[in-house]
Amino acid sequence: MYILGINAYHGDAAAALIKDGRIVAAVEEERFNRVKHCAGFPAEAVRYCLKIAGISIEDVAHIGISRDPSAHLHKKILFAASRAAKQGRQWAVGAEAGERVKRGTGKGEGVVVSEGGSKGGLLEENNGRGNGSNSEKRGPGIFRQVKDRLNNAAKVRDLKDDLASALGTPKTRLRAQFHNIEHHRAHLASSFYVSPFERAALLSIDGFGDFISTMWAVGAGNSINVLDQVEYPHSTGIVYTATTQFIGFPHYGDEGKVMGLAPYGQPRFIEEFRDIIRTEERGQFRLNLDYFRHHAEGVDMTWDQGSPIIGRIFSDEFVQTFGPARERGGPLTEREHDIAASLQLRLEEVGFHVLNHLHEQTGLTDLGLSGGVAYNSVMNGKILLNTPFRRVYVQPAAGDSGTALGVCYEIHNGILKRERGEVMLGAYTGPEFSNDEIRRELESSGLVFETLSDEVVTKRAAQDIADGLVVGWFQGRMEFGPRALGNRSIVVDPRRANMKDILNDRIKKREPFRPFAPSILEERTADYFEQSHPAPTMLMVYQVREERRAEIPAVTHVDGSGRLQTVSREVNPRYYQLISDFNELTGVPVVLNTSFNENEPIVCTPRHAIDCFMKTRMDVLYLGNHVLRRNA
Ligand SMILES: [Fe+2]
């Protein structure tokens, strides 16, 4: 039985397909259409999932999407009504709070209105622009209107329309049963049903989804029992994004830059951040709303078929407290470093506050972690040091793309009560290309290349890395989630301190403060790092052992940390062999691994990889068993 899961009309649109509980495919739309964090409907990702399975949409028994407009409805109504009463203005409610949707429909200044055309169904200000100036008519009828809108927001209907159009098929052929899975339940499912745990505490923590920012639960067998949640407008993700904007990084997904900046600073603003986000009893936390705009004025957000755009979230209170916001591209001073350090510390404090409560509530020591905030690998790496949890499974696509997979498993396990089976240790669920396919692509490009045997290919690449070359490494199935894990990677020698500058100069063009990450043979982790809990999807940061830092300077951050990937033969045999061969040559079981891209989505096809190779100054490119050298 096939189940298709979709994350749509939100950042990192994605599709996933499972068959009888096993993952067939999971992939983000951005890899196909080359638009970073692409929102909208994941048409190409859906088509890929069906193609690799060799099926048509009629063969799919269940289709689900990771949002549920009817979830938490009474809370949305209460919030909208209280705000309307407080402000004497009119509001309407949909699936997701605090967002005003810009759809490029020509309705005035890109303001809103989710009814009908919008798939998002968002809580939005009807501010008199566009088509919403009939406030008198709406006053006493707000509850009715809310209900009407929600009824209108027949998201399944929209999903069917888009699905039929993406597949070029009549809607009548979509015979599957359709499901709306609440956003955080989809996150929780993604971190539990494919984890190695039979029973575990679960935490989903992000900006917002379906009116909730944080949800925790117990997973046991094939069910998830939600224990508690943190509701709109309170959110750790919102604090991180607002501060990221204030520091001058405006793009969707820029939060990781601030995490990389934090070790340069001192947390001298920690008391300010303890005021900005306050912890409460029973694992709860609340924002000091004076610092934010999302709950009051609303924030423009665009979830069209392009990169998401999020308007300014921080309020003038931020400026009064910290001074003027940094202009994008302006100098990064000690102030920005210290704000980043304070934010990061406060996120960790709040995260551990929630997690310690979750442990108290459940008594469990295994944890499944998901949600966009679970991409904060610095926080993740400290969980074992600051909470009683002993094993942590972080969903490799912890952000919203992973909800596509969560939807599949919530249907398979949570709803249909089927047996569990899959344990997702890697993230290799995307497209792959045979040596023959790659050869044809190379031949059609007229490029000179050599073809090596399986035994020789890793040895030769290891030698190139040890010789200081910048090596493109394109193998097997593409990764799901934001990290390249040895199949769509650029690999270089971590012993050479100048490698960071070489990579930035020749390919990556990243901000110089951002660290590069190490991949290490799993069994050698404790020799190089102060913790050794596996981190197969590069979502944990540990301290590099003091005595090893000089040995691998290119992957040791300014504070002595490294965002490692532990590599096992079982999960990725060819990448394991490459690092083993490098270890044979150098005595160092570590390589520097960065994603195969140049300021764009990670490459997906051999064509993308060849294009990236040609337009950058990469030295050598391994595509399966074929190797291509610059100046060959
Ligand atoms: Fe989310």
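Helices (H or I, at least four residues) and strands (E, at least two) are DSSP runs, numbered from the N terminus. With that in hand, select P233, which sits in the loop between β11 (223-231) and α8 (236-246). The peptide bond joining Y232 and P233 is cis, with omega about 5°.

Some ground rules come before the next stop. Residues are numbered from 1 along each chain as its sequence is written. The model is predicted, so local features need pLDDT of at least 70 and side-chain atom pairs count only at pLDDT 80 or more, while totals for chains, interfaces and linings use all residues; side-chain values use heavy atoms, with hydrogens and water left out.

**Colour by confidence**

pLDDT is the predictor's confidence in each residue, from 0 to 100. The chain has a mean of 89, and 88% of its residues reach 70 or more. Now select residues 89-149: here the pLDDT is below 50, and beyond near neighbours in sequence the stretch has 140 contacts in the model (contact means heavy atoms within 4.5 Å). Where pLDDT is low, the predicted coordinates should not be read in detail.

**The iron ion**

Select the iron ion and its protein donors, H183 (NE2), H187 (NE2), D206 (OD) and D400 (OD), which lie 2.1 to 2.3 Å from it. Donors are N, O and S atoms within 2.8 Å of the metal (3.2 Å for Na, K and Ca); water is not among the atoms, so sites may look incomplete. D206 is in strand β9 (residues 199-209) and D400 in the loop between β17 (391-394) and α15 (402-415), so the pair ties together parts 194 residues apart in sequence. D206 is buried at 4% relative accessibility, and D400 is buried at 10% (buried means under 20% relative accessible area, exposed over 50%, partly exposed in between; 1.4 Å probe, protein chains only).

**Helix α15**

Next, select α15, where 13 of the 14 residues are buried, so the helix is largely enclosed by the rest of the structure. Centre the view on Y409 to find a kink of about 30°; the bend at a residue is the angle between axes fitted to the seven residues ending there and the seven starting there. Just after α15, K417 has a positive phi of about 60°.

**Two loops**

Go to H37, in the loop between α1 (30-33) and α2 (43-53). H37 is not a glycine, yet its phi is positive, about 55°. H37 is partly exposed, at 21% relative accessible area.

Finish at R282, in the loop between β12 (277-279) and β13 (285-287). R282 also is a residue other than glycine with a positive phi, near 55°, and at 56% relative accessibility R282 is exposed.
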